[in-house]
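Trainee: I have a structure open and want to learn to read its features. Where do we start?

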Amino acid sequence: MWNPLSWVMEAAAVMAIVLANGGGEGPDWQDFVGIICLLIINSTISFIEENNAGNAAAALMARLAPKKKVLRDGQWQETDAAILVPGDIISIKLGDIIPADARLLEGDPLKIDQASALLDSDKSQLNN
């Protein structure tokens, strides 16, 4: 309830009670209750949407956390890219994002797009 729309609705609710006493009549309770109900509905919808957006962002971050196949103890295992150490042997395939500096040990020549790392659209060809 901390946004300009809510403030206007709160002011309107107060004005419906305080200023609607013209001509000796009582407060305008119907308008007051209607505005408060709309304020509660608006706040509930905003809360649900923000909660859903937070959950979606958390799920996306978890899905985007890079994992790599790494050769450790003679076996290929999938681990988080954040725990790679110098000397690890990783397996990459077409479309993979390489999570760290790497040296090509075997395979075909590799063409990479360095735009995300260098902020330009330079494509480089790497050999063994």
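Mentor: With a definition. Helices here are DSSP runs of H or I with at least four residues, numbered from the N terminus. Keep in mind that this is a predicted model. Now one case: tryptophan 29 and phenylalanine 32 both lie in helix α2, residues 29-64. They sit three residues apart, about one turn of the helix.

Trainee: What does that spacing do in an α-helix?

Mentor: An α-helix has 3.6 residues a turn, so residues three or four places apart point the same way.

Trainee: How many aromatic pairs does a search of the whole structure find?

Mentor: One. In general, a pair of aromatic rings is described by the distance of the centres and the angle of the planes. Here the ring centres of tryptophan 29 and phenylalanine 32 are 5.9 Å apart and the planes meet at 85°, so the pair is edge-to-face. The cut-off for that label is over 60 degrees.

Trainee: Is phenylalanine 32 buried, exposed or partly exposed?

Mentor: Partly exposed, because its relative accessibility is 25%. Buried would need under 20%, and exposed over 50%.

Trainee: Let me step back. How many helices and strands does the protein chain have?

Mentor: Three helices and five strands. Along the sequence, the pattern reads α-α-β-β-β-β-α-β. Of the 128 residues in the protein chain, 11% are buried. The accessible surface comes to about 10,300 Å², and carbon and sulfur atoms hold 61% of that. For contacts, take pairs at least 6 apart in sequence: 14% of these join residues at least 24 apart.

Trainee: How do I check the span of helix α1?

Mentor: Count 1.5 Å a residue. Helix α1 covers residues 4-18, which is 15 residues, so it should span 21 Å. Its end C-alpha atoms are 21 Å apart, which agrees.

Trainee: Which residues of α1 are buried?

Mentor: Ser6, Met9, Ala13 and Ala16. Look down the axis of α1: the buried residues fall within an arc of 85°, so they line one face of the helix. What covers them includes α2. On the other side of α1, Pro4, Val8, Val14 and Val18 are exposed.

Trainee: Now a strand. Is threonine 79 buried or exposed?

Mentor: Buried, because its relative accessibility is 11%. Threonine 79 belongs to strand β2, residues 75-80. Leave out residues up to four places away in sequence, and it touches Pro66, Lys67, Lys68, Val70 and Arg72.

Trainee: How far apart are alanine 65 and alanine 81?

Mentor: In sequence, 16 residues; in space, 7.9 Å from C-alpha to C-alpha. Alanine 65 lies in the loop between α2 and β1. With a relative accessible area of 37%, alanine 65 is partly exposed.

Trainee: Where is aspartate 73?

Mentor: In the loop between β1 and β2. Aspartate 73 counts as exposed, because its relative accessibility is 79%.

Conventions:
Residues are numbered from 1 along each chain as its sequence is written. This is a predicted model: local features need pLDDT of at least 70, side-chain atom pairs count only at pLDDT 80 or more; totals for chains, interfaces and linings use all residues. Side-chain values use heavy atoms; hydrogens and water are left out. Rings of Phe, Tyr and Trp (its six-membered ring) pair if their centres lie within 6.5 Å; planes under 30 degrees apart count as stacked, over 60 as edge-to-face and the rest as tilted. Helices (H or I, at least four residues) and strands (E, at least two) are DSSP runs, numbered from the N terminus. Buried means under 20% relative accessible area, exposed over 50%, partly exposed in between (1.4 Å probe, protein chains only). The expected span of a helix is 1.5 Å times one less than its number of residues. The arc is that of the directions from the helix axis to the C-beta atoms. Contact means heavy atoms within 4.5 Å. Accessible areas come from the Shrake-Rupley method with a 1.4 Å probe; for residues, only the protein chains shown count as cover.
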